[in-house]
Amino acid sequence: MADTQQVDPKAEKKAARLARQIGGFAKAHGGAEGQVAYLGQRGARIVLVGEDGAWGDVFAPSTEIARKAVEKAGITVYEDFDGEFAAKVRTGPYEWSRMAGIQVGGPSQG
């Protein structure tokens, strides 16, 4: 039986572009691992963690495109952002100040 799955050229192009962004992040940070998070109608978020602890993210219009992108980029992908994977993230003063602001209701309005 022949494979009749249609390939959407736009989706392939988007996945390839995201894979290049992921590859660029990985190259800049000594490698990378990721996690794909479903965001409903908005698509999917690919959270990236570099070998140096730096982190970032890219967004895809669908989970399918996100999964194709990480596959093309050749990175390890985790099901959840927890455990050993989450422990690899290194946060700096900016992140800590943002988290503190969120805990106390955000930046002051005064």
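**Exercise 1. Which residue of E4 stands opposite Gln 35?**

Start with the ground rules. This is a predicted model, where local features need pLDDT of at least 70, side-chain atom pairs count only at pLDDT 80 or more, and totals for chains, interfaces and linings use all residues. Residues are numbered from 1 along each chain as its sequence is written, and side-chain values use heavy atoms, with hydrogens and water left out.

Step 1. Strands (E, at least two residues) and helices (H or I, at least four) are DSSP runs, numbered from the N terminus. Two strands pair if DSSP finds at least two bridges between them.

Step 2. Look at E1 and E4. They run parallel and are joined by 3 bridges.

Step 3. Read off the partner. Tyr 78 in E4 stands opposite Gln 35.

**Exercise 2. Place the strands in the sheet.**

Step 1. Write the order. The open sheet has 4 strands, E3-E2-E1-E4, with mixed pairing.

Step 2. Find the edges. Strand E3 (55-60) and strand E4 (76-78) each pair on one side only.

Step 3. Follow E1 to E2. Residues 32-38 and residues 44-50 pair in the antiparallel sense over 7 bridges. Tyr 38 stands opposite Ala 44 in E2.

Step 4. Inspect the turn. The E1-E2 hairpin has 5 residues between its strands, and Gly 40 there has a positive phi of about 75°.

**Exercise 3. Classify the aromatic pairs.**

Step 1. Rings of Phe, Tyr and Trp (its six-membered ring) pair if their centres lie within 6.5 Å; planes under 30 degrees apart are stacked, over 60 edge-to-face, the rest tilted.

Step 2. Count. The whole structure holds 2 aromatic pairs.

Step 3. Take Tyr 78 and Phe 85. They lie 4.5 Å centre to centre with 20° between the planes, a stacked pair.

Step 4. Take Phe 81 and Phe 85. Their centres are 5.2 Å apart and their planes at 80°, so this pair is edge-to-face.

Step 5. Join them. Tyr 78, Phe 81 and Phe 85 form one aromatic cluster. Phe 85 is buried at 1% relative accessibility, while Tyr 78 is partly exposed at 26%.

Conventions:
Buried means under 20% relative accessible area, exposed over 50%, partly exposed in between (1.4 Å probe, protein chains only).
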